[in-house]
Amino acid sequence: MERVIVIGGGIAGMKSALDLRKRGFEVTLLEKSRHLGGKVRKWHCLFPTFTAASEVLGRLKAEIADSDIDVRLEAEVVSFDNRCVTLASGERLECRAVVLATGFTLFDARIKEEYGYGIYDNVITSADLEDMFRRGSVELRNGERPRRVAFLHCVGSRDEKVCQRHCSKVCCVTGVKQAMEMKRLFPEADVFNFYMDIRMFGPGYEEMYREAQLAHNIHFVRGRISEASPTIDGRLQIKAEDTLTGRPLKMSVDMLVLLVGMRANDDNAHLAEQAGVPLAPNGFFAPKDMFAGNVRSPREGIFYAGTITAPKSIGEVLNEGSAVADAVTEYLS
């Protein structure tokens, strides 16, 4: 039986491993942390259906548990090519093909110092808020309920100053989803979304955007927040410009949520050099063909799945898990 190694135990790697095993391959799934599931482990619910993330992840975990896939946790890869993967322990694993599914890194909001993340109370990221939703404890630092919440889009996306020129694709819809969740938790609160432009690209996304405005009275302001600062009464003052009216504005809020984008992993350059495959200018792995071969690398026997090549939604990631299994099957046959 031919062995395929999948590097990365998030949902892209899990789906890839499951579909490869169904096609008759011996599969080894490598994950450098103690748990499978990647970032989805800390997410609450998924757009646009508000399906619990634990439900989607739970199904994948159950299938993995019922399979004979060789799952190795705390297995860090130091180098690989299309025939061998070397672990930090020194172990070398021979194979016939490799699927790289190591995902992305969330932009570090501390880099945008003007927003005060890590400095001021109640400035949080979208990832922080999602974890609060999951744990059922959304509140201000002093334990009170927020009366006014501002969401800021494109933090670490489409930003020349921090060398993140690409769009992270799912931030807009995440901001809409989280704003709706905040209104459901705190119906009396005023919720604002500050954006450059709204990109609702997927099925049901535009409908969510309209529902947020019409059913939940969420305010959308076209304009970027330039800075945030603490007020004497413990709130946050934000400065922005409404670019539709051309007017500057100041507003006091109780909570500022920074919708952080996706960036390429720091070790991508090292892994790409080891494997002899190229990176795109934004640091993500460059597929062989953006249209007909987006799960294939330019090197035979090395394949990609998920957000290792670009920001994607969970639905797209899971579909790529199946697509890469088909591509590997075609290659090895």
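**Exercise 1.** Between which strands does the loop with Pro-48 lie?

*Solution.* Before we start, note that this is a predicted model, in which local features need pLDDT of at least 70 and side-chain atom pairs count only at pLDDT 80 or more, while totals for chains, interfaces and linings use all residues. Residues are numbered from 1 along each chain as its sequence is written, and side-chain values use heavy atoms, leaving out hydrogens and water.

Step 1: Pro-48 sits in the loop between strand S3 (45-46) and strand S4 (51-52). Strands (E, at least two residues) and helices (H or I, at least four) are DSSP runs, numbered from the N terminus.
Step 2: the peptide bond that joins Phe-47 and Pro-48 is cis, with omega about -5°.
Step 3: the loop between S3 and S4 also holds Phe-50, whose phi is positive, about 60°, although Phe-50 is not a glycine.

**Exercise 2.** Describe how helix H1 and helix H7 meet.

*Solution.* Step 1: two packed helices are described by the angle and the distance between their axes.
Step 2: the axes of H1 (residues 11-22) and H7 (residues 314-332) come within 8 Å and cross at roughly 35°. Axes are lines fitted to C-alpha atoms over the stretch in contact, with angles from 0 to 180 degrees between N-to-C directions.
Step 3: look at the residues in contact (heavy atoms within 4.5 Å). Among them are Ile-11, Lys-15 and Leu-20 in H1, and Ile-314, Val-317 and Val-328 in H7.
Step 4: sort the contact by class, and you find 9 nonpolar, 3 polar and 2 charged residues. Here Ala, Val, Leu, Ile, Met, Phe, Trp, Tyr, Cys and Pro count as nonpolar, Asp, Glu, Lys and Arg as charged, and the others, Gly among them, as polar.

**Exercise 3.** Explore the hairpin of S15 and S16.

*Solution.* Step 1: strand S15 (residues 225-230) runs antiparallel to strand S16 (residues 236-242), and 5 bridges join them; pairing requires at least two DSSP bridges.
Step 2: Pro-230 has Leu-236 in S16 as its bridge partner.
Step 3: the hairpin has 5 residues between the strands, and Gly-234 takes a positive phi near 85°.
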